[in-house]
Amino acid sequence: AFQLIQTDIEKPYFKSVVGFVVDDIKSGKPISEALGHYHNVFDDFYVSMIRSGEESGKMSNTFSYLAEYLDRSYALTVKVR
C-alpha cells in the first residue's frame, strides 16, 4: 500500500520519506517504527495509533479511524477558514 501511495506523491521530499518507510517495512520493521523515524511528517498521535493497531491486530480499523479523523480535521479547518 505504501508503494502505491509513493507513486501518487508529487513532492520529492515526501516521496523520498515514503520510500524510506517502504524500505524499513520491507526490512521487517513494524509500520509504527518506520513512520516514527519521521516525526516532522508523521505526528506522534498517528504513530501511536498505528502502534496500538499493530499490537491489537486491528490495523484495518486503525487506518479507517485515522482516515475519518483526517477527514473531520480537514472539514473543520475548511469551516474555520
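T62 is buried in this predicted model, with a relative accessible area of 8%, where buried stands for under 20% relative accessible area, exposed for over 50% and partly exposed for anything in between (1.4 Å probe, protein chains only). The residue belongs to helix α5, which spans residues 59–80; helices (H or I, at least four residues) and strands (E, at least two) are DSSP runs, numbered from the N terminus. Once neighbours within four places in sequence are set aside, T62 is in contact with M49, I50 and G53, contact being defined as heavy atoms within 4.5 Å. Residues are numbered from 1 along each chain as its sequence is written. As this is a predicted model, local features need pLDDT of at least 70 and side-chain atom pairs count only at pLDDT 80 or more, while totals for chains, interfaces and linings use all residues, and side-chain values use heavy atoms, with hydrogens and water left out.

Helix α5 itself has 22 residues and reaches 31 Å from its first C-alpha to its last, close to the 32 Å expected at 1.5 Å a residue, the expected span being 1.5 Å times one less than the number of residues. Its buried residues are M59, T62 and L66. Seen down the axis of α5, these buried residues fall within an arc of 55 degrees, so they line one face of the helix; the arc is that of the directions from the helix axis to the C-beta atoms. An α-helix has 3.6 residues a turn, so residues three or four places apart point the same way. On the face of α5 turned away from the buried side sit the exposed residues S60, N61, D71 and K79. The buried residues of α5 pack against α3 (31–36) and α4.

The view from α4 fits in here. This helix has 13 residues and reaches 18 Å from its first C-alpha to its last, close to the 18 Å expected at 1.5 Å a residue. Its residues V47, I50 and G53 are buried. They cover an arc of only 125 degrees around the axis, which puts them on the same side of α4. The cover over the buried residues of α4 includes α3 and α5. In α3, I31 is in contact with F2, I25, I50, E54 and M59, leaving aside its neighbours within four places in sequence. I31 and F20 are 11 residues apart in sequence and 11 Å apart in space, C-alpha to C-alpha.

The buried residues of α2 are V17, V18, G19, V21, V22 and D24, and what covers them includes α1 and α3. Just after α2, G28 takes a positive phi of about 105 degrees. Q3, a residue of helix α1, is partly exposed, with a relative accessible area of 43%. Apart from neighbours within four places in sequence, Q3 is in contact with V22 and K26. Q3 and V18 are 15 residues apart in sequence and 7.8 Å apart in space, C-alpha to C-alpha.

The largest pocket has a volume of about 480 Å³. On a 1 Å grid over the protein atoms alone, a pocket is an open set of points with protein on both sides within 12 Å along at least five of seven lines, and lining residues have an atom within 4 Å of a point; grid points are joined across faces, edges and corners, and a volume is the space filled by probe spheres set on the points. The largest pocket is lined by 13 residues, of which I5, V41, F42, Y46 and L70 lie nearest its centre. The elements giving two or more residues to this lining are α1 (2–8), α2 (12–26), α4 (44–56) and α5. The largest share of the lining, 4 residues, comes from α5. By class, the lining has 13 nonpolar, no polar and no charged residues, with Ala, Val, Leu, Ile, Met, Phe, Trp, Tyr, Cys and Pro counted as nonpolar, Asp, Glu, Lys and Arg as charged, and the others, Gly among them, as polar.

At the level of the chain, there are 5 helices and 0 strands. Buried residues make up 26% of the 81 residues.

Key:
1 Å grid on protein atoms, 1.4 Å probe; cavity = no way out; pocket = protein on both sides within 12 Å on 5 of 7 lines; lining within 4 Å.
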